[in-house]
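Q: Could you take me through one buried spot in this model, up close and in plain words? After that, I'd like to hear about a couple of other places.

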Amino acid sequence: MKTKYIIIFLMIIMITPVAIFAENYTESGHGEHGHNGHEGHRDGAFSGMIQTGGVWMNTTNQLDADSDNKFTKTLNEDADAYNNIDLFILFDLRYTLSFGTQLYLSTPFEDEDPVLACGFVKNFSNGSNIDISAFFEIYRGKIWKDPYLTNENRSETNVDAYGTAIRYKNIMGTGFSANYKYQIINVDKDIIGEKYFDLKRDGGIHYAGIEYKFSFEKNHQITPSIEISDGRIDGKSNSFKGFDGKLTYSWNISSYILELSGSIGGKEYQKISPIFNKKRHDKEYGTMGMVMWLNPLGFNKWIATIGIEYKVSDANINFYDSRTIAIFSTIGYQF
């Protein structure tokens, strides 16, 4: 939609002068005095990473639009599992200004859905930094016009997602980090929302989270994190309050990095669904394991990754139950 690109363009225009102000503020002596907070990158230098890879996924998610998931017989049973394979390219391109500020264009590696983020990072001498960005989905997502249609093929429609985010990492040189994100969702042809106003899917979602990194024995790190979400959707049956907790363990050994994580969370929806005549609430569980191989087979500045993830959504309404397993692999180059 044109509105989306106008908003993102305005966000980028707003971000640039803020980054310049941060530079001027530091150089004038009010901030850090002559220290480049991002060591290892020269002022005026480009740096980054490019990765390519693929993911195989097996899922029973009824709401994801896929050619193998068009037909459903009933709303009262779990969906049949179907497979999906996606190839992708990820990148993180940065330009370092003086005194530790970086401008960047990236597809954030931690995001489940591919987004393009444009922003800046201001690094400080105590090891903390502030990251402000605007983002939008690279590929328009697909959902069903009417996900509750039975005994005939469901048809797809586009959904756009875009917004802004801010992250304060290693606050005052500690292991604490905090983040906030606001995401706008815009569904192209929301047939179910036209049938039932309380099932409209346009709206905005607030996310706020904190984490703390515990490092021990040099190569080990444990990071607990908490995130709350507030989905303010036009359809009150799709509006929700959410909570997610996650525990991540990382081990850096020689040229390998092992990462294991587990998560638990849930969502409470705000109004009775006109389809199922009850309020929806979900419980969500997940686990992930990943191994990164630095400089594989002696190729300097290259990195290879392989991982597996398992997620379960257990709802009080069977239609929303899902089980997903994903196996992914990437190969990338740092410069």
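A: Let's start with Q183, which sits in strand β8 (residues 176-187); strands here are DSSP runs of E, at least two residues, numbered from the N terminus. Keep in mind that this is a predicted model, where local features need pLDDT of at least 70, side-chain atom pairs count only at pLDDT 80 or more, and totals for chains, interfaces and linings use all residues. Residues are numbered from 1 along each chain as its sequence is written, and side-chain values use heavy atoms, with hydrogens and water left out.

Q183 counts as buried because its relative accessible area is 13%, and buried means under 20%, exposed over 50% and partly exposed in between (1.4 Å probe, protein chains only). Leaving aside residues up to four places away in sequence, Q183 touches F135, A161, Y162, G163, G203, G204, I205 and Y207, where contact means heavy atoms within 4.5 Å.

Another buried residue is D66, found in the loop between β1 (46-59) and β2 (82-96). Not counting residues up to four places away in sequence, D66 touches Y82, N83, N84, W144 and E156.

For contrast, look at L297, in the loop between β14 (281-294) and β15 (302-315). L297 is exposed, as its relative accessible area is 70%.

Notes
Helices (H or I, at least four residues) and strands (E, at least two) are DSSP runs, numbered from the N terminus. Lys and Arg count as positive and Asp and Glu as negative; His and the chain ends are not counted. A salt bridge is a side-chain nitrogen of Lys or Arg within 4 Å of a carboxyl oxygen of Asp or Glu.
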